[in-house]
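Please look at the sequence and the model first, and then read on.

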Amino acid sequence: MMLMFRAKPPESWLPKVIANLGTVLVDHAHLERKAAKSALTLQRYQQLSTRLEELTSIAIEELEHFNLVLKLLEKREIPFGQAISSPWLSGIMNTIRKGQNEQVIDHLLCAAMIEGRSCEKFQILSEALVSVDAPLAKFYASLVESEGNHYAAYLLMAKEVDESETNRRLDFYLDLDAELVQKPNDLHILH
Ligand SMILES: [Fe+2]
Ligand SMILES: [Fe+2]
């Protein structure tokens with residue numbers, strides 16, 4: 001699976017996350033919950049009527065991830081706090097256009113960007129945490145493949161709706177993501 005991002009997270013991202021692992025884990029839990037919800041929301045689109053089972057499987061996997069993070073929180077006695085909204089996430093999601101194929105393609109591409117960035121960041125964390133928090137490093141390593149598969153699945157679904165529009169729009173999202181991802185913030189969140 002090839003990720004094609006045009007910019008890396010800012011230098012400040014990794015130290016910020018490592019210094020605030022507890023709050024980041026709560027944010028991660030919310031991300032998994034929202035990813036499950038997103039897979040179910042995509043089932044509303046007529047264009048994805050042949051993908052219902054696949055979307056259900058993704059939703060189930062995300063809920064399994066959610067449960068795993070909740071177990072980690074419980075083990076570490078970290079309370080499950082409120083979700084913190086992410087400027088990167090809302091900046092991506094706010095671009096979804098209305099209209100037949102536009103909406104479903106944009107929605108799928110936004111979901112793909114989120115899955116792709118999660119895959120990338122889980123990979124970075126799995127390596128960086130080895131010497132800091134070995135069990136957590138292992139946990140992040142165990143999620144990389146699944147999020148990568150979700151990224152690929154959503155991209156493929158969009159291409160099946162309209163390949164040239166998907167490629168054109170993907171170019172837009174890769175530029176937007178590159179612009180947004182480089183803006184540092186002090187929020188204790190993954191994205
Ligand atoms: Fe997940
Ligand atoms: Fe995922």
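**Helix pairs**

The model is a predicted one. Two packed helices are described by the angle between their axes and the distance between the axes.

| Helix pair | Axes come within | Crossing angle |
|---|---|---|
| α5 (residues 100–128) and α6 (residues 134–161) | 7 Å | roughly 160° |
| α2 (residues 21–42) and α5 | 11 Å | roughly 155° |
| α2 and α3 | 8 Å | roughly 165° |

For the last pair, the crossing at roughly 165° makes α2 roughly antiparallel to α3, since an angle over 145 degrees counts as such. The crossing of α2 with α3 is left-handed. On the α2 side, the residues that meet α3 are Leu25, Val26, His28, Ala29, Glu32, Arg33, Ala35, Ala36, Ala39, Leu40 and Leu42. Their partners in α3 are Leu55, Ile58, Ala59, Glu62, Leu63, His65, Phe66, Val69, Leu70, Leu72 and Leu73. Sorted by class, the residues of this contact between α2 and α3 are 17 nonpolar, two polar and three charged.

Helix α2 also passes α5, with a crossing angle of roughly 155°. At that angle α2 and α5 are roughly antiparallel to each other, and their crossing is left-handed. From α2 the contact takes in Leu31, Ser38 and Leu42, and from α5 it takes in His107, Leu108, Ala111 and Ser118. Four residues of the contact between α2 and α5 are nonpolar and three are polar, with no charged residues. Leu42 of α2 is listed in the contact with α5 and is also listed in the contact with α3.

In the remaining pair, α5 and α6 cross at roughly 160°, and the two helices are therefore roughly antiparallel to each other. The crossing of α5 and α6 is left-handed. The contact of α5 with α6 has 20 nonpolar residues, together with seven polar and two charged ones.

**Helix α3 and the residue after it**

Does the length of α3 agree or disagree with what its residue count predicts? Helix α3 covers residues 52–75, which is 24 residues, and at 1.5 Å a residue it should span 34 Å. The C-alpha atoms at its ends are 35 Å apart, which agrees.

The buried residues in α3 are Leu55, Ile58, Glu62, His65 and Val69. Among the elements that cover the buried residues of α3 are α2 and α6. Each of these buried residues, Leu55, Ile58, Glu62, His65 and Val69, is also listed in the contact of α3 with α2.

Most residues other than glycine have a negative phi. Glu77 has a positive phi of about 55° although it is not a glycine. Is Glu77 buried or exposed? Glu77 has 7 other C-beta atoms within 10 Å and is therefore exposed, as the cut-off for that class is 12 or fewer.

Ser86 lies in the loop between α3 and α4. Ser86 counts as buried, because it has 20 C-beta neighbours inside 10 Å and a residue with 20 or more is placed in that class. Apart from neighbours within four places in sequence, Ser86 is in contact with Leu187, Ile189 and His191. Pro15 is 71 residues away from Ser86 in sequence, and the C-alpha atoms of the two are 18 Å apart in space.

Leu187, one of those partners of Ser86, is found in the segment after α7 (163–181). Leu187 has 17 other C-beta atoms within 10 Å, so it is partly exposed. When residues up to four places away in sequence are not counted, Leu187 touches Ile84 and Ser86. Between Leu187 and Tyr154 there are 33 residues in sequence and 28 Å in space, C-alpha to C-alpha.

**Ala141**

Ala141 is placed in helix α6. With 16 C-beta neighbours inside 10 Å, Ala141 counts as partly exposed. Phe122 is 19 residues from Ala141 along the chain, and the C-alpha atoms of the two residues are separated by 6.6 Å.

Notes
Residues are numbered from 1 along each chain as its sequence is written. Chains are lettered from A and ligands numbered from 1 in the order in which they are written. This is a predicted model: local features need pLDDT of at least 70, side-chain atom pairs count only at pLDDT 80 or more; totals for chains, interfaces and linings use all residues. Axes are lines fitted to C-alpha atoms, for helices over the stretch in contact, and angles run from 0 to 180 degrees between N-to-C directions. Helices (H or I, at least four residues) and strands (E, at least two) are DSSP runs, numbered from the N terminus. Angles under 35 degrees count as roughly parallel, over 145 as roughly antiparallel, 65 to 115 as roughly perpendicular and the rest as oblique. A crossing is left-handed if the near helix is turned anticlockwise from the far one by less than a right angle, and right-handed if clockwise. Ala, Val, Leu, Ile, Met, Phe, Trp, Tyr, Cys and Pro count as nonpolar, Asp, Glu, Lys and Arg as charged, and the others, Gly among them, as polar. Two residues are in contact if their C-beta atoms, placed from the backbone, lie within 7 Å. The expected span of a helix is 1.5 Å times one less than its number of residues.
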